[in-house]
There are 2 protein chains.
Amino acid sequence: MSPRKSVAETAATRDRIIESALALASAEGLEGLTIGRLATELEMSKAGVIGHFGSKEGLQLAVLDAATERFRMRVPARAVGARPGTERLTRAFHEWIDYMSQDEGHGGCFLTSAAGEFDGRPGTVRDRVLAALDAWSAYVTAELTTAVENRELPERTDVEQLAFELNGVALAANQSIQLHRDPQAPTRARRAVARLLIAP
Amino acid sequence: MSPRKSVAETAATRDRIIESALALASAEGLEGLTIGRLATELEMSKAGVIGHFGSKEGLQLAVLDAATERFRMRVPARAVGARPGTERLTRAFHEWIDYMSQDEGHGGCFLTSAAGEFDGRPGTVRDRVLAALDAWSAYVTAELTTAVENRELPERTDVEQLAFELNGVALAANQSIQLHRDPQAPTRARRAVARLLIAP
DNA sequence: GCTAATAGCGAACGGTCGTTAGGTTAAAGT
DNA sequence: ACTTTAACCTAACGACCGTTCGCTATTAGC
């Protein structure tokens, strides 16, 4: 029917699969993602889809990596222009909140949802989710430490505690957006971040 | 093989199924819960299991209701002894944190995980999850309002905002416990609650 | 004691799952 | 021009899914 693809187009097919898979997994979860439905949506055979990833787990990992990369490009990468410390962190969280708010096919943060889905299922997928979250957590902690050093936050600040609470704000925003569809969620989240990062 | 059960024992069987299902669904999610595995674990036939609920969705709803009831008995019911306002709320959140921490077969809060699982899947299950969360949210808001009336919190307090942030603390605790297995999570969560509920 | 109701079983149903084997076709390498 | 590689296909695999259909055995009501 359609002509064969060149090697250059092959990577494009892979990307096309991942994009579709990302959308599907956003709605149904990473485990609910199904090769058959993916193939139907892409008008390909199941074998043609899975051939690019070897197995379903390979597909899940590829989707996860794509989502992680997307998060990185969307959140911390957009905050590099801001001054290190509370300013950069505030910017990063605002970007994250905006990212969760926009409805580009899905709603909420893919990584956050995947974390909730695989928290009780040992395996490679869970490990990869954890690694992504740890990287983000390290980023937040580092910026908070810088903020303390710059006297933007009190010297006695418990950095780990503050990171914990900031994470809570993001989780609350994610739930408010995805489950409750509350249009005020972004405003609330931004206000909460400000309360945490602006010394009283 | 085994003798038939009386009507009184019938309800016991139902409870036994739900208990097993609750454990299974805690590990695999409400959708990952499977009639076949449930039957194997209970040493029953699939038909014998599903007969009590009519369909898988019926089973999911029953499990959800059981989890909701368990939450109610475990969290707000244990806080009735405390004085309305910040005291009762603090007690309730401490109970919730303890509830999430204990490893009675699972870890974390079942309702919270179910909320994350069904946030993007319209249907009866999602509606029931939302109703349970709304009831809890109303409880928190009511106690916060009482606290403001009692001058335990500043008059200008944004009650909805505070409820949002408290919810975030609980979500962070749930993630820290289930995903990261951080033993410090309960301490962090209690400290965060105190920072929010004790006026500066 | 007889009848009706019901808990639970065994077996099968049509579907879908993830995966594999083999074939076809186009491009790449030589 | 011939061979190799690789993308993608069709077809089938065994396993499991949720659900349904009788059937048996027990209990409850009369």
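Predicted model: local features only at pLDDT ≥ 70, side-chain atom pairs only at ≥ 80, totals over all residues.
Entry 1, overall form. I looked up the extent of chain A and found that its C-alpha trace spans about 65 × 35 × 30 Å along the principal axes. I then checked burial: 37% of the 200 residues of chain A count as buried.

Entry 2, secondary structure. I counted the elements of chain A and got 9 helices and 0 strands. Read from the N terminus, their order is α-α-α-α-α-α-α-α-α.

I took the contacts in chain A with a separation of 6 or more and asked what share of them joins residues 24 or more positions apart. The share is 58%. For this I used contacts in which the C-beta atoms, placed from the backbone, lie within 7 Å.

I looked up the domain assignment, which gives chain A a domain 1 at 1–62 and a domain 2 at 75–200. Taken over C-alpha atoms, the centres of domain 1 and domain 2 of chain A are 30 Å apart.

I listed the residues in the contact: domain 1 of chain A gives 9 and domain 2 of chain A gives 8. Which elements give two or more residues to the domain 1 side? I found helix H1 (7–28) and helix H4 (56–74) of chain A. I also sorted the residues on that side of domain 1 by type, and they divide into 4 nonpolar, 3 polar and 2 charged.

How values were computed
Residues numbered from 1 in each chain as written. Chains lettered and ligands numbered in written order. Domains from an automatic or database assignment. Helix = DSSP H or I, 4+ residues; strand = E, 2+ residues; numbered from the N terminus. Nonpolar A, V, L, I, M, F, W, Y, C, P; charged D, E, K, R; others polar. Buried ≥ 20, exposed ≤ 12 C-beta atoms within 10 Å, placed from the backbone.
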